[in-house]
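Please keep the sequence and the structure at hand while reading.

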Amino acid sequence: MSDLYDKIYEVVRKIPVGRATSYGAIARFVGSPRGSRMVGWAMNQSHSSKAYVPAHRVVNRLGMLSGKHHFPGENLMQELLENEGIVVIDDQIQDFDKIFWDPMKELDWDSI
């Protein structure tokens with residue numbers, strides 16, 4: 001599982017500042033199209049990674065901050081996104097389709 005988590009973390013590290021993606025988009029990119037929950041589990045464990053993983057940039061397919069309770073404090077995930085210029089209202093990224101980053105279009109395996 002650790003090798004897969006490492007691949008997931010590498011993808012997440014490629015998400016540009018001010019952009020966000022979904023658990024499902026990452027799962028598809030790493031070859032596990034039904035592995036959204038696995039990506040979520042990896043994000044929950046990302047604090048134990050030696051290198052920083054910007055897990056706040058990974059949300060559900062609707063742009064909801066579904067993993068916010070895994071961040072310390074009450075609104076850290078939202079604050080981190082807002083510091084990057086992303087607007088969040090009621091735990092949902094606004095204009096998610098405009099800031100959505102699709103690793104299938106932006107990356108190739110050789111860049112991981």
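Predicted model: local features only at pLDDT ≥ 70, side-chain atom pairs only at ≥ 80, totals over all residues.

Leaving aside residues up to four places away in sequence, Ser-46 is in contact with Tyr-9, Val-53 and Ala-55. The C-alpha atoms of Ser-46 and Tyr-5 are 8.5 Å apart in space, although 41 residues separate the two in sequence.

## The largest pocket

The largest pocket has a volume of about 410 Å³. It is lined by 22 residues, of which Met-43, Asn-44, Ser-46, Ala-55 and Phe-71 are the closest to its centre. Two elements, helix H3 (36-45) and helix H4 (76-83), each give two or more residues to this lining, and H3 gives the most, with four residues.

Sorted by class, the lining of the largest pocket comprises 11 nonpolar residues, 10 polar residues and one charged residue.

## Helix H4

Which residues of H4 are buried? They are Met-77, Gln-78 and Leu-81, and because they cover an arc of only 95° around the axis, they are on the same side of H4. These buried residues pack against E2, strand E3 (88-89) and strand E4 (92-93).

After H4 comes Gly-85, which has a positive phi, near 90°.

How values were computed:
Residues numbered from 1 in each chain as written. Heavy atoms only, no water. 1 Å grid on protein atoms, 1.4 Å probe; cavity = no way out; pocket = protein on both sides within 12 Å on 5 of 7 lines; lining within 4 Å. Points joined across faces, edges and corners; volume = space filled by probe spheres on them. Nonpolar A, V, L, I, M, F, W, Y, C, P; charged D, E, K, R; others polar. Contact = heavy atoms within 4.5 Å. Buried < 20%, exposed > 50% of the residue type's maximum accessible area, 1.4 Å probe, protein only. Arc of directions from axis to C-beta.
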